[in-house]
Amino acid sequence: GRSDDVVLLARQTIGRWEGTEHPRYGAALATLATAEYVTGDPERALAIAEPAVQVLATNRTGPVKLHRLIGQARSALGDIDGAIAAFRDGAELARSCGMTALAIELDIVHAHVRSIGAGDDPTVAVDLEASRREADELGSSVTSVWAGTTLGWALLRTDCDRGLEIAAANLARARSIGYPIGIAGNLRTLAYGHLVRGELEAARSTLAELVDELVN
């Protein structure tokens, strides 16, 4: 909600450092690039993030987050192949560094972007189910809910009934842990699924609930 302020603060912070040796340099660059993306400038975000990945090759957290940002920005600019590559590389790097929860998150968004580019690729649902199980084993309820949320949305193309079933279950879980993005994502899936099935009143009421969730 205050990404413009974050952009200014991150630029000022980085401007105080000489070189790239500061231990928080990678995190600061990732924050700046992400804030630039959130303010609606994916091209500027990429201009910061892509060179930084090479500079920060020996740093762990910074490059993983930068790969995530590059994938998001590439997807926003319509470069699906570039986004897929960035998310895949980021997930592999995160796993090699022992950052399992972040690796699962990148696996999830990797599968989601693949579904955009590949249509009805059955491996998308398989991979999302695997991510959900891995998150449960790790004890990361937020990541598990997000995997299920993404799975429900992806299944609307191939198995609308199953997608709605998963979305309803994940909506309940998201509410139980107070996870706003999960709540909104599953409400969107439910509204769209009802529309696909011609259930206009259910779609309307769910959409109204989603608007209330986003506004409040």
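Is Tyr192 buried, partly exposed or exposed? At 43% relative accessibility, Tyr192 counts as partly exposed, where buried means under 20% relative accessible area, exposed over 50% and partly exposed in between (1.4 Å probe, protein chains only).

The views below show a predicted model, in which local features need pLDDT of at least 70, side-chain atom pairs count only at pLDDT 80 or more, and totals for chains, interfaces and linings use all residues. Residues are numbered from 1 along each chain as its sequence is written, and side-chain values use heavy atoms, with hydrogens and water left out.

**View 1. The aromatic pair of Trp153 and Tyr192.** Rings of Phe, Tyr and Trp (its six-membered ring) pair if their centres lie within 6.5 Å; planes under 30 degrees apart count as stacked, over 60 as edge-to-face and the rest as tilted. By this rule the count is 1 aromatic pair. The ring centres of Trp153 and Tyr192 are 5.6 Å apart and the planes are at 50°, so the pair is tilted. Trp153 belongs to helix α8 and Tyr192 to helix α10, 39 residues apart. Helices are DSSP runs (H or I, at least four residues), numbered from the N terminus. Trp153 has 25% relative accessibility and so counts as partly exposed.

**View 2. The largest nonpolar core.** Such a core is a set of buried Ala, Val, Leu, Ile, Met, Phe, Trp, Tyr and Cys residues joined through side-chain atoms within 4.5 Å. This one has 21 residues, and Leu32 is among those with the most contacts inside it. At least two residues of the core come from each of α1 (3–15), α2 (25–38), α3 (42–55) and α4 (61–76). The largest share, 7 residues, is supplied by α2. Contact means heavy atoms within 4.5 Å. Leaving aside neighbours within four places in sequence, Leu32 is in contact with Val7, Ala10, Arg11, Ile14 and Ile48.

**View 3. The loop residue Thr39.** Thr39 lies in the loop between α2 and α3. Its relative accessibility is 33%, so Thr39 counts as partly exposed. Apart from neighbours within four places in sequence, Thr39 is in contact with Ser3, Asp4 and Val7. Thr39 and Arg2 are 37 residues apart in sequence, and their C-alpha atoms are 9.1 Å apart in space.
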